[in-house]
Each structure stands twice: as structure tokens, then as C-alpha cells.
Amino acid sequence: MPKHNIGIVGATGYTGSELVRLLLNHPGVKIEVVTSQSQAGKPFSEIHPHFKGRFDMELDSVENLDSYDLDLVFLALPHGVSMDFVKDWGVDRFRIIDLSGDYRLGSTDQYEQWYGKEHVDPDSFDKAVFGMPELFRDDIRNARLVANPGCYPTSAILPLAPLIKNDVINPGDIVIDSKSGVSGAGATAKQKTHFPEVFGNFSAYGMLDHRHTPEIQRALSSYTGQKPEVLFTPHLLPIDRGILTTTYSTPKKEIDKQYLEEWYYSFYEKEYFIRVVDQPPHVKHVRGSNYCDIFVTYDERTNRVVTVSTIDNLVKGAAGQAVQNMNLLFSFIERTGLEISPLNP
């Protein structure tokens, strides 16, 4: 098959490295350029030595993208930087999948409220499609700009969508308790992700005002037509990668565990990357893969529906979902290049 030319802008972080790992094995694309403003001129494998001999392409500057004939660009850039790129380059010369939060929310006002920064590209903001294939597949196929979901929202939206869509739970009373490995904070060194700070430790952060809250609410509202209100609390685990999310909600009607299990199996039976499991999943069950494992149960004593989900924050929560979106844009079979087993725990 003819190969599509791909660029990765901001390729030296964790997400950029995962994109390279996945795309090297993809039969329908060719990595044409990888960029880095701080490491331009160096081989990619110098920054990520495990690629030595497999991918030694020299990192270029983003200013030189005009030299390449590209069909799609992945933006593995920090929040607040991607929108500058999209504003400068537009979405006509190549399609863009943005892995930052710059185009995920419902309005520039909401972005500025939660991110504390002016949005400089409102025109493209209105064109962006939220890139969760299991829920918005038809919208993604024709998009020029895809806003790849955040890792925490992916782990929360997928288990909650069946409950809200089927009007099982009260959408105004949802608690989301999430825990992530430190790679979710990116490769740039920070005090809170410093090894002596993280090792043997466990902490909550961003309580009550985390920017993923409106992203979760907006996606669930767009998909279900309801207006959920969620209490979302993230926590930092002393592990390198993986997310485990537990949700608690109140049913609107009489249910039982068997009904919930049958509904989830039916809802996701055609989704290759969603595995409904009969025991609470572990983060190591999905490590390195594009799977989301979901467990659902019902507690009669407290009248609560409880879900537990796990993803790899760098794959299904970032690079893997981005490749899944790319497959939709190019009309590939959706799992192409992503049929990878979880890493050996």
C-alpha cells in the first residue's frame, strides 16, 4: 500500500517516543520528520538510546517543516504551545492530531478559565474534533484537526459512557478517583516528580479544580446528551506508567450486577481495544498496550455502581489513541499497527 508521510513535532518527550515506537511497525505510514527545538541536529536515538540502530533520524527544527511533504502531523507539545503551531501552520496543508489540551474543551472561554491562558486560535478551536474513536468515530473520519483526549479523561469517560447513555445513573452525582504513574506529568523535570519525592509516596493533587474535569464532562455530554457533574480527584502513584480509575455513581432505577455486566459486554462487544473483565483489572494488565480494561459491579448496601478501569497513560491515554485516530483519518483498519500485547510485567 502507498505510505502516508508523517511528522512528529516535539518528538523527544515520552509521548513522542511512544509515537515512534508504534509508527515504526505501522505498514501504512512513514516517519518523514521528527522535530525538537532544544535538541535539533541530534539523532533521535541519542535522546532515546533504546532506538539506537532502529531509528537514528536526525531531529530537525519545526521551522523546516515546509521542506517535507507531509500528510499528517502529530503535535506532542505542551499545553499552550500547540495552539501557536496550529495558528501559524493551519490545517489545510496537512492533518493534525494534537496531544495537548489546547483544543479539547467546548469554548475558548472555558479553556481560559481552566488553563489560565488566553487561547490564540479560536477559529481552529471551533473545527477541532474530540478524538475518542469508540464514541466519536464518525466525526473523526473527516476531521482536519483532532484533539486527542487526555489520559485521565480516557480512563474515566470510557467506563462512564455506557451508564449515562443508557440512563442508568444520576449524571449529577459522579465521583471519579484516578491514580497515575509519573510519566503522565511529562519528561520535563519537576519537583513533585523528582525520584526522592515520589518513591515510597502517594498523594492527591489538583483537587476540585483539575483541568480534566471539564474535558470529562464535555465529552460525556456530547456523547449522551445529558449534563453530567463529576467530582474528579487525581493521585500520583510511585510507578512509571499506567492509570487506574475508580468511579462511583448512584443508579436511577433498580439494577443488579448481572444487568450491568451484560450491558457493558453488549455496549463494547465490537470495540477491539475495550476489554470488559470479570475481576478488577491491574495497571500491568495493559502496560505498553492500547487496551482499556473495564470492570463494573453494584453495591446493594450503599446503592452505588462502581467501575474500575485501567489504561497505559502513554498508549491508550496518548500515543496509541492518537494512532487509532490516524487510522480512522486514513481509512485504515482501526487496529493497524496497534495489535501489540501488553509488556511483560
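Visitor: Is the crossing of α1 past α11 left-handed or right-handed?
Guide: First, this is a predicted model: local features need pLDDT of at least 70, side-chain atom pairs count only at pLDDT 80 or more, and totals for chains, interfaces and linings use all residues. Helices (H or I, at least four residues) and strands (E, at least two) are DSSP runs, numbered from the N terminus. A crossing is left-handed if the near helix is turned anticlockwise from the far one by less than a right angle, and right-handed if clockwise; α1 passes α11 in a crossing that is right-handed.

Visitor: And what do we call the way α1 and α11 lie to each other?
Guide: Axes are lines fitted to C-alpha atoms, for helices over the stretch in contact (heavy atoms within 4.5 Å), and angles run from 0 to 180 degrees between N-to-C directions. Here α1 (residues 14-23) and α11 (residues 315-329) pack at about 45 degrees, with axes 9 Å apart. Under 35 degrees is roughly parallel, over 145 roughly antiparallel, 65 to 115 roughly perpendicular and the rest oblique, so α1 and α11 are oblique.

Visitor: What kind of aromatic pair do F130 and F136 make?
Guide: Rings of Phe, Tyr and Trp (its six-membered ring) pair if their centres lie within 6.5 Å; planes under 30 degrees apart are stacked, over 60 edge-to-face and the rest tilted. That rule gives 17 aromatic pairs. For F130 and F136, the centres are 6.1 Å apart and the planes sit at 85 degrees, so the pair is edge-to-face.

Visitor: How many residues apart are Y223 and F267?
Guide: Both are buried (under 20% relative accessible area; exposed is over 50%, partly exposed in between; 1.4 Å probe, protein chains only). The pair links distant parts of the chain, with Y223 in helix α9 (residues 212-224) and F267 in helix α10 (residues 257-267).

Visitor: Which charged residue sits over the ring of Y223?
Guide: A charge sits over a ring if NZ of Lys or CZ of Arg is within 6 Å of the ring centre and within 35 degrees of the ring normal. At Y223, the charged end is 4.7 Å from the ring centre, and it belongs to K165.

Visitor: What is the relative accessible area of G181?
Guide: G181 lies in the loop between β7 (169-180) and α8 (195-198). Leaving aside neighbours within four places in sequence, its contacts include L236 and D240. G181 is buried, with a relative accessible area of 2%.

Notes: Residues are numbered from 1 along each chain as its sequence is written. Side-chain values use heavy atoms; hydrogens and water are left out.
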